[in-house]
Amino acid sequence: MSSIFAELKRRRVYRVALAYGVIASGLIQVGGTILPIFHAPDWAQQVFVVLIAVGFPLALALAWVFDLTAEGIQRTPDAHGAHRYGGRYLLGVALSGSLIAGCAVAAYYWHPWRNTATTAPSEIAADVIPQKSIAVLPFENQSSERSN
């Protein structure tokens, strides 16, 4: 089992995962700020987050197969120098990346720290206040003319 982790380190998959996480987090933050400004529908931001999450396993698979060198993008050689890639390794990396991406998407939609009673004050107000009601606000006459 330690050989897979050594191979992930040699192929720089950890670096790609960390860089993807940082960049994706920044993109989600910027998208969450910019999309409401342009009155984008809620589903647009959800699709944006899902696409970023789906790209994570793809980025890990590409990091497993390719390496960025001074000569450009090249296939990563095997530990013995030959270009042999085991399907089990690539499948393991893709499945673990998919699991991590699925957990990230699930965490985005399920917020255990959010209090549902305070998230929608308009819904709470609609439940508490009857449909036919009159609001009486006390006020004080602060004009110099007491008759007005």
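Me: Which residues in α3 meet which in α4?

Reply: Quick caveat before that: this is a predicted model, where local features need pLDDT of at least 70 and side-chain atom pairs count only at pLDDT 80 or more, while totals for chains, interfaces and linings use all residues. Residues are numbered from 1 along each chain as its sequence is written, and side-chain values use heavy atoms, with hydrogens and water left out. Contact means heavy atoms within 4.5 Å. Helices are DSSP runs (H or I, at least four residues), numbered from the N terminus. On the α3 side you get Gln45, Gln46, Val49, Val50, Ala53, Phe56, Pro57, Leu60, Ala61, Trp64 and Val65, and they meet Tyr89, Leu90, Val93, Ala94, Gly97, Ser98, Ile100, Ala101, Val105, Tyr108 and Tyr109 in α4. By class, that contact of α3 with α4 has 18 nonpolar, four polar and no charged residues. Here Ala, Val, Leu, Ile, Met, Phe, Trp, Tyr, Cys and Pro count as nonpolar, Asp, Glu, Lys and Arg as charged, and the others, Gly among them, as polar.

Me: At what angle do α3 and α4 pack?

Reply: Two packed helices are described by the angle between their axes and the distance between the axes. Axes are lines fitted to C-alpha atoms, for helices over the stretch in contact, and angles run from 0 to 180 degrees between N-to-C directions. For α3 and α4 the angle is about 160°, with the axes 9 Å apart. That makes α3 roughly antiparallel to α4 (the label is for angles over 145 degrees).

Me: And how far apart are the axes of α2 and α3?

Reply: The axes of α2 (residues 13–37) and α3 (residues 42–65) are 10 Å apart, at an angle of about 165°. So α2 is roughly antiparallel to α3.

Me: How much space lies in the largest pocket?

Reply: A pocket is an open set of points on a 1 Å grid over the protein atoms alone, where a 1.4 Å probe fits, with protein on both sides within 12 Å along at least five of seven lines; lining residues have an atom within 4 Å of a point. The largest pocket holds about 270 Å³. Of its 15 lining residues, Ala24, Ile28, Ile52, Ala53 and Ala104 are the closest to its centre.

Me: Which helix gives the most to that lining?

Reply: α2 does, with six residues. By class, the lining has twelve nonpolar, three polar and no charged residues.

Conventions
Helices (H or I, at least four residues) and strands (E, at least two) are DSSP runs, numbered from the N terminus. Angles under 35 degrees count as roughly parallel, over 145 as roughly antiparallel, 65 to 115 as roughly perpendicular and the rest as oblique. Grid points are joined across faces, edges and corners, and a volume is the space filled by probe spheres set on the points.
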